[in-house]
Amino acid sequence: MLLQDTALIYGRYLRQSLRSRAALLFGLLMPLLYLLFFGPLLTGLPLGGRGSSWQLLVPGLLLQLGLFGASFAGFAIIIEKGQGVVERMRVTPVSRLALLLGRVLRDATVFVFQAVLLVLAAVAMGLRAPLGGVLIGFAFVALLTVSLGSLSYALAMKVSTPQQFAPVINAMTMPSMLLSGLMLPMSLAPAWLDVLSHVMPFRYLVDAVRDAYVGSYATAHMLYGVLVALGLTVIAVTVGTRVFRTAGA
Amino acid sequence: MAPVISAASLARTFQTKRGPVQAVRGIDLTVHEGEILGFLGPNGAGKTTTLRMLTTLLAPTGGTATVAGHDLATDPAGVRRSCGYVAQSGGVDGQIGVREELVTQGRLYRLTRTQALARAEELARDLDLTDLLDRRTATLSGGQRRRLDIAMALTHRPKVLFLDEPTTGLDPGSRADLWDLIRGLRDEHGTTVFLTTHYLDEADALSDRLVIVDKGVVVADGTPSALKLRYGGSIDASLQDTFLAITGRGPAPVDAAPVAV
Ligand SMILES: Nc1ncnc2c1ncn2[C@@H]1O[C@H](COP(=O)(O)OP(=O)(O)OP(=O)(O)O)[C@@H](O)[C@H]1O
Ligand SMILES: [Mg+2]
């Protein structure tokens, strides 16, 4: 039942994404601009990591893509609530968990697709990274979208207008991006900033993907990254499911 | 006749920033199988909130209810299988085609793909939507969209159909068509219909029985003529005057205002 329902909801929203090609590519704009106009600035700088500056920057941009894209996913559900679509589905026997999972899996598909395009563009700019590492990077993008998407949908179910939703998301995403060292590694930071950044779950994710991009898979960074990503996903999906089960205030 | 809906002290209080809002204070009602029940009340009386509780969308904060023999609290899945609901706002996505919405709805009710396709055709035939199957729902007129909303709610042939202001915004012809449709559902399938409306002529013409709510409680219950006799002063009283007398929103004494000459 759950699988079948999830596939149904996934299909509905994937078709929705495919109908609007612009929306399918829109999330790529910001990371692509960073890649084109910010990336070249780093090529000659001493960044302290192993490998090229692209191997440092691209993992950050991938997670930026997921962070901004998935955090705003809830907008769609606010619109659907207004149309009555959410309640119409909730009076049917469909699994509540499927209503959430179908959506976040669609988001994961869309953002991994965007991530592939971003990596291809990065290869054209000069990125060289092992295939295994690149695939691990996509897996992290998928986990990040599933978890942030779940939280975003949960918040969107709780509020009634976009005006209540957008400020919260804005207040979360920008500090998250800056404090996790997505653009430049936190190893360059003064000690207090480095310490502070460890409070951010995304810090562990980006460190893990950066290791993967230089081909080091069995590292402490990777272990923490995997644990944090999985932990975040479990917590977020649990929160999301609870909200979808009881929603209706 | 067996009651198909029964509610006892059903209540819902919303917690808001400005304190609790008692949307429904305690509703007791019984609806019999095959009955068309008109659920009336002024704006904000708690009609939509009651419907959302009876369809499992909203958890009651007090009281109990059963729908088609299934308890709201302990068997919401059973309630969902036996009832259909058309919300005040409708419930289709404007960018999606009519056929796709109908088929998805069938799938949500766990029909196979083939069954869902066949059911979509059948519903389209019954609700006169066949020529519209390939249109996006945003391109439908208000009346066509209402028929689509109802078709969606009938997908699983529910025993009980909840309609929240189904005829608001429809022209007189479309309203009359919808009345015929609702009567047909009851006559041919024995469907129980629980509907809200602000059109008193509609309530009068369509309902077997009226339940009038105000400020979250039932203030009157009976056939249209019984209510007219009791509250309007005579069986020939208008339902408008009866309604105003019951809800205390205006004068309705039978012999008060002398007709100006
Ligand atoms: N989610 C909510 N949060 C807070 N208050 C609510 C909520 N939903 C409804 N209310 C309040 O509960 C009361 C009853 O609302 P409801 O929508 O049930 O009325 P109604 O009888 O359907 O009115 P109408 O005829 O205007 O549709 C109103 O005062 C409304 O403001
Ligand atoms: Mg209402």
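Which helix of chain B gives the most to the shell around ligand 1? In this predicted model, that element is helix 1 of chain B, with three residues in the shell.

**Ligand site**

Ligand 1 is placed between chains A and B. Around ligand 1 there are 15 residues, and those that come nearest are Gly44(B), Lys47(B), Thr48(B), Thr49(B) and His198(B). Sorted by class, the shell around ligand 1 consists of eight polar, five nonpolar and two charged residues. Two elements of chain B, strand 1 (3-16) and helix 1 (47-54), each supply at least two residues of this shell.

| Residue | Protein atom | Distance to an oxygen atom of ligand 1 |
|---|---|---|
| Gly44(B) | polar backbone atom | 2.8 Å |
| Gln88(B) | polar side-chain atom | 3.1 Å |
| Glu165(B) | N or O atom in the side chain | 3.5 Å |

On its own, ligand 1 has 640 Å² of accessible area, of which the protein covers 69%.

**Helix packing**

Two packed helices are described by the angle between their axes and the distance between the axes.

Helix 8 (residues 96-125) of chain A packs with helix 9 (residues 131-158) of chain A at an angle of about 140°, and their axes are 8 Å apart. Angles over 145 degrees would count as roughly antiparallel, so helix 8 and helix 9 of chain A are classed as oblique to each other. The crossing in which helix 8 of chain A passes helix 9 of chain A is right-handed.

The other pair joins the two chains. Helix 1 (residues 2-19) of chain A and helix 3 (residues 98-108) of chain B pack with their axes 10 Å apart, at an angle of about 160°. Because this angle is over 145 degrees, helix 1 of chain A is roughly antiparallel to helix 3 of chain B. Helix 1 of chain A and helix 3 of chain B form a left-handed crossing.

Methods
Residues are numbered from 1 along each chain as its sequence is written. Chains are lettered from A and ligands numbered from 1 in the order in which they are written. This is a predicted model: local features need pLDDT of at least 70, side-chain atom pairs count only at pLDDT 80 or more; totals for chains, interfaces and linings use all residues. Side-chain values use heavy atoms; hydrogens and water are left out. A residue is near a molecule or strand if one of its heavy atoms lies within 4 Å of it. A polar contact is a pair of N or O atoms within 3.5 Å; within protein, one must be able to donate a hydrogen and the other to accept it, and residues adjacent in sequence count only if both atoms are side-chain atoms. Accessible areas come from the Shrake-Rupley method with a 1.4 Å probe; for residues, only the protein chains shown count as cover. Helices (H or I, at least four residues) and strands (E, at least two) are DSSP runs, numbered from the N terminus. Ala, Val, Leu, Ile, Met, Phe, Trp, Tyr, Cys and Pro count as nonpolar, Asp, Glu, Lys and Arg as charged, and the others, Gly among them, as polar. Axes are lines fitted to C-alpha atoms, for helices over the stretch in contact, and angles run from 0 to 180 degrees between N-to-C directions. Angles under 35 degrees count as roughly parallel, over 145 as roughly antiparallel, 65 to 115 as roughly perpendicular and the rest as oblique. A crossing is left-handed if the near helix is turned anticlockwise from the far one by less than a right angle, and right-handed if clockwise.
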